Amino acid sequence: MKPSPLTYHRPRSIDEACEVLAGVAHEGKVLAGGQSLIPLLSMRLAAPAHLVDIGSIPRLDAISASQELGVTFDALTTHAALESDPTVAQVQPLLGRALRLVAHPTIRNRGTTVGSIVHADPSAEMPAVLSLLGGTLTVRSVRGVRQIPAAELFAGPLESTLEADEIATSVTVPAARPGTGTAIDEIARRHGDYALVGVVAQVEVEDGAVTSARMTYVSAGELGQVVDYTDILRGASAHDERDPLWQQVAEKARETVETEADIHATDRYRSQLVAALTGRVGFAAAQDAIRDDTRVPMHTGGSR
């Protein structure tokens, strides 16, 4: 299929893009990398009257990273650029670990991380990562600039709290803290498919024992939901996966995180994956927290 008829706009500055979008009200869509939007247009699941292509705007693909300010990446920063940035890997290693699980290299070379986040797909990795890290989205319009905390960004599946005239311009996530580890893993039917279930974990460890544990989920639970498992995992060993607390948190996740059936998996199967991955990824994050800083940052390999 082909997209329905529309008017194509190619602004040369972010101010011009904001003016165009303000003029078309709710009839416009913003195009950056296009890896999510173009298929929707082609299948006519989205049919905007106006398409505002920001891909030619200069200096909108910057990446900055520091221990003090965290990592900030702009609207046109591709998954591949963010994934391969060595400073980003040092400041917030979870970004690279998650991005390596996003689809295929071809998609990562074109797709933008900011675009993936505001697309708000519950089956995508980066919305879950942003929620867990407590990042912030910056948006612009003719009315000015505002920041949207991750906790206030997602209104539901494929729905964000951006206003119709706003353009997402950058995302900022905090730097990793000493004594805090992260991990991500997921299960998919084939390499490159959306995850049947994925888990992202952030665990704090002191003297070899867990002091805090939080997780988010991909293709399970509510979009943007952060589950705090500290009450269960406090005191769990960061050295021994046989610690009974890791099994207890797996069962708690099965009870807590809602799953739904679709053509790819039953809700019971997804619930089993939630339980299995919660304990596994939580322990991997705990080990990451105690890993020697001189070693290569850990990546728990996904099944995609």
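**View 1. Domain 1 and domain 2 sit with their C-alpha centres 19 Å apart.** The contact (heavy atoms within 4.5 Å) draws 15 residues from domain 1 and 15 residues from domain 2. This is a predicted model, so local features need pLDDT of at least 70 and side-chain atom pairs count only at pLDDT 80 or more, while totals for chains, interfaces and linings use all residues. Residues are numbered from 1 along each chain as its sequence is written, and side-chain values use heavy atoms, with hydrogens and water left out. The domain assignment, automatic or from a database, gives domain 1 (5-51), domain 2 (61-171) and domain 3 (178-291).

**View 2. Here is what domain 1 and domain 2 bury: about 1,200 Å² between them, 74% of it on carbon and sulfur atoms.** Ile14, Cys18 and Gln35 supply 38% of the area that domain 1 buries against domain 2, more than any other three residues. Buried area here is the accessible area (1.4 Å probe) that two parts lose on being put together, summed over both.

**View 3. One salt bridge is counted between domain 1 and domain 2.** The term stands for a side-chain nitrogen of Lys or Arg within 4 Å of a carboxyl oxygen of Asp or Glu. Arg140 and Asp15 form a salt bridge, with their closest N and O atoms 2.5 Å apart.

**View 4. Arg143 sits in the loop between strand E6 (136-141) and strand E7 (144-149).** Strands are DSSP runs of E, at least two residues, and helices are runs of H or I, at least four residues, numbered from the N terminus. At 55% relative accessibility, Arg143 counts as exposed; the cut-offs are buried under 20% relative accessible area, exposed over 50% and partly exposed in between (1.4 Å probe, protein chains only). Setting aside neighbours within four places in sequence, Arg143 touches Glu163, Asp165 and Glu166.

**View 5. Arg97 and Asp288 pair up in a salt bridge at 3.1 Å, N to O.** Arg97 belongs to helix H5 (residues 93-99) and Asp288 to helix H11 (residues 267-290), so the pair ties together parts that are 191 residues apart in sequence. Both Arg97 and Asp288 are buried.

**View 6. Asp185 and Arg280 meet in a salt bridge too, at 3.6 Å, N to O.** Asp185 is in strand E11 (residues 180-187) and Arg280 in helix H11, 95 residues apart. Asp185 counts as buried at 6% relative accessibility, whereas Arg280, at 41%, counts as partly exposed.
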